[in-house]
Amino acid sequence: KGKCPEDGWDESTIELFLHELAIMDSNNFLGNCGVGEREGRVASGLVARRHYRLIHGIGRSGDISAVQPKAAGSSLLNKLTNSVVLDIIKLAGVRTVTNCFVVPMATGMSLTLCFLTLRHKRPKAKYIIWPRIDQKSCFKSMITAGFEPVVIENVLEGDELRTDIEAVEAKIKALGAENILCVHSTTSCFAPRVPDRLEELAVICANYDIPHIVNNAYGVQSSKCMHLIQQGARVGRIDAFVQSLDKNFMVPVGGAIIAGFNESFVQEISKMYPGRASASPSLDVLITLLSLGASGYKQLLKERKEMFSYLSSELKKLADNHNERLLDTPHNPISLAMSLKNLDENNDAAVTQLGSMLFTRQVSGARVVPCGSVQTVNNYTFKGFMSHANDYPCAYLNAASAIGIKKQDVDVFLKRLDKCLKTSRKEAKKEKSVNEISNSNTGTERLED
């Protein structure tokens, strides 16, 4: 049926299935005589076993989704993976999606592939409208494709950074719709930035006949992000949305899913990929989804949502204890932010030092964002880089509840963060008193002089 099984398979069944696929590839035929330059020859038995002897990769030189006659098993693997992944995207909330394919590139390069496909449809266009999100790969995806990003600054509403819809429309009018390749929006992001106003952007794109590409990097795990995409496609225009395999399905880095509501456009993107491609990302995600089953994946989504509530309530308690506050970002369903105002006021370096302290104590993924940092990416200078705004009111720390997180992870993180904050405050106070004594001594010396 090409759908994810409701209940997961055991490992021996999955291995048997993969071996059955592998013996359909010509390089595994007994008596095969290969006289071409690519015949699935592998020097190392370890490498062959690591890939279940599925050596041919996927696609053909003209289309990553095409069937390769001498690799029937690998081609079947590719078709099945795309079909199972499509089923999971529907299950996660985008019910009207019509087509998708797994591409062996991470999110940034997959976005680039989408932009390059649009180039042929809009040869005059050179600008991409991009509501600002401080993440290098999505910015570089536009530069790599040869386009000029038009950065739309976010607006501050309470603690949240939200899409400036009026600025987007004003910029479209100023540049001319025919000169704009697309609007490049974002769903999953670090608080206090929240998902873009996808419905409003989709309506603008439909009204001005401008394509709309959504960076949904780790949004499959969030029912809210998926609902935004579904609603955007219902009321306006979304041409494609791109999501990472590792962030949503707990597989190694190196793959993404490009999906859309117009089957022919998604096929055009797959034909834009030059040459055949590695089957590893497809193999990894198929094994994972067969192992979990639809029920197993739904359970992971449920647990993630529960852990988000738990992390939110416990981080709020910790923030209160340190005279800080959990920033109010109700529109962000994955990431949370806690202010570091007191730490920042005592010592400029204390904020970044907190990040180092957490990392050396084996806390990964938490981001400490100081005020006023400046960074240049591809000749574009971002003020307040990492905070998604030129001058966000306070320094803060990020933590996220992503798929696979456990209660133990949250508890250990909070315990170590509490200790680090106490240490940081002590050191900041000590340094402040040393500075005060030093300043006082300097003043006495001046009087004596």
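Author: Happy to start with a term: buried means under 20% relative accessible area, exposed over 50% and partly exposed in between, using a 1.4 Å probe and protein chains only. This is a predicted model, where local features need pLDDT of at least 70, side-chain atom pairs count only at pLDDT 80 or more, and totals for chains, interfaces and linings use all residues. Residues are numbered from 1 along each chain as its sequence is written, and side-chain values use heavy atoms, leaving out hydrogens and water.

Reader: Thanks! Is arginine 60 buried, exposed or partly exposed?

Author: Arginine 60 sits in the loop between helix H2 (45–50) and helix H3 (72–92); helices here are DSSP runs of H or I with at least four residues, and strands are E runs of at least two, numbered from the N terminus. Its relative accessible area is 38%, so the class is partly exposed.

Reader: Nice. Which residue in S9 is the bridge partner of valine 102?

Author: Strand S1 (residues 99–103) has five of its five residues buried, so it is largely enclosed by the rest of the structure. Five bridges join S1 to strand S9 (residues 256–260), and the two run antiparallel; strands pair if DSSP finds at least two bridges between them. In S9, the partner of valine 102 is isoleucine 257.
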